[in-house]
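Colleague: I would like to learn how to read a model of this kind, feature by feature. Could you take me through the general idea each time and then turn to the case at hand?

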Amino acid sequence: MIANLVQLAAEETEQNPLVPPGPELLVGTIAFAIVFFFFWKKLLPNINKVLEERRAAIEGGIEEADAMKVEAQSVLEQYKAQLAEARHEAARLRQEAQEQGATLIAEMRAEGQRQREEIVAAGHTQIEADRKAAAQALRQDVGTLATELAGKLVGESLEDHARQSRVIDRFLDELEEKAEAAR
C-alpha cells in the first residue's frame with residue numbers, strides 16, 4: 001500500500017503541472033462548449049440587440065441634434081435678418097422724422113417771417129396813415145391859428161377860405177422845405 005502510494009506520487013510528479021490530466025481537460029472543454037453555446041445562442045443576441053439599440057439611439061440623437069442645429073442656425077439667420085431690417089427701418093424712420101422736422105421748422109420760420117413782415121408792413125402803413133392824419137390835423141390847426149393871428153395883427157378878418165387855404169399851404173410848404181433842408 002505504501003508502495004502503491006509512492007508509485008502514485010512518483011507518477012504524479014512526472015506529469016507537467018501546467019497541463020491538466022486528460023479527463024479534466026475533456027470535462028472542461030465540454031463545459032466550456034456548453035457555456036459558449038449558451039452565450040452564443042441566448043445571451044449574445046440580447047447583448048447585440050441592446051448594443052444596436054444604443055447605437056441607433058445615439059445616431060438618432062446625433063442626427064436630431066444636427067437637424068436642431070441646422071434649424072437653430074436658420075432661425076438665428078432669420079432673426080439677424082429681421083433685426084437688420086428693423087434697424088434699417090428705424091434708421092429710415094429717424095431720417096424721415098429729421099427731414100420732416102427740418103421741413104416743418106423751415107415752414108414755421110418762413111410763416112413767422114411772413115407774419116412778421118405783414119405786421120411790420122401793417123405797422124408802417126398805420127404809422128404813415130397816422131402821420132398823414134396828424135400832419136393834416138396839424139396843418140388845419142396851424143392854418144386856423146395863423147389866420148386868427150394874422151387877422152388880429154391886420155385888424156380885419158381873413159375869412160376868405162380860398163385865399164386862406166392858399167396862404168396856409170404856401171406857408172406850410174415853406175416850413176417843410178426848411179425842415180428837409182435842415183436834415
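Modeller: Let us begin with surface: accessible areas come from the Shrake-Rupley method with a 1.4 Å probe. In this predicted model, the accessible surface of the protein chain comes to about 16,300 Å², and 63% of that surface belongs to carbon and sulfur atoms.

Colleague: What share of the 183 residues in the protein chain is buried?

Modeller: A residue is called buried when its relative accessible area is under 20%. Buried residues make up 3% of the 183 residues here.

Colleague: Which secondary structure elements does the protein chain have, and in what order do they run from the N terminus?

Modeller: The protein chain has three helices and zero strands, so that the order, read from the N terminus, is α-α-α.

Colleague: Which of these elements has the lowest mean pLDDT, and which the highest?

Modeller: The pLDDT is the predictor's confidence in each residue, from 0 to 100. Helix H1, residues 2–14, has the lowest mean at 57, whereas helix H2, residues 22–154, has the highest at 88. Over the protein chain the average is 82, and 82% of the residues score at least 70.

Colleague: Where does UniProt place the feature "transmembrane region"?

Modeller: The unreviewed UniProt entry places that feature at residues 25–44, and an annotation of this sort may be inferred rather than shown by experiment. In the model, residues 25–44 are 100% helix and 0% strand, with the end C-alpha atoms 26 Å apart.

Colleague: Which residues make the nonpolar surface patch?

Modeller: The patch, of about 1,100 Å², is made by Phe-32, Val-35, Phe-36, Phe-37, Phe-38, Phe-39, Trp-40, Leu-43, Leu-44, Ile-47 and Leu-51. Phe-32, one of these residues, is located in helix H2 and counts as exposed because its relative accessibility is 59%, the cut-off for that class being over 50%.

Colleague: How many aromatic pairs does the structure hold?

Modeller: There are three aromatic pairs in the structure. One of them joins Phe-32 and Phe-36, whose ring centres are 6.2 Å apart and whose planes meet at 20 degrees, so the pair is stacked. These two residues lie four apart in helix H2, about one turn of the helix. Phe-37 and Trp-40 form a tilted pair, with 6.5 Å from centre to centre and 50 degrees between the planes. Because Phe-37 and Trp-40 are three residues apart in helix H2, about one helical turn separates them.

Technical notes: Residues numbered from 1 in each chain as written. Predicted model: local features only at pLDDT ≥ 70, side-chain atom pairs only at ≥ 80, totals over all residues. Heavy atoms only, no water. Patch = residues over 30% accessible without salt bridge, like charges linked within 9 Å, V, L, I, M, F, W, Y side chains within 5 Å. Salt bridge = Lys/Arg side-chain N within 4 Å of Asp/Glu carboxyl O. Buried < 20%, exposed > 50% of the residue type's maximum accessible area, 1.4 Å probe, protein only. Phe/Tyr/Trp six-rings, centres within 6.5 Å; stacked < 30°, edge-to-face > 60°.
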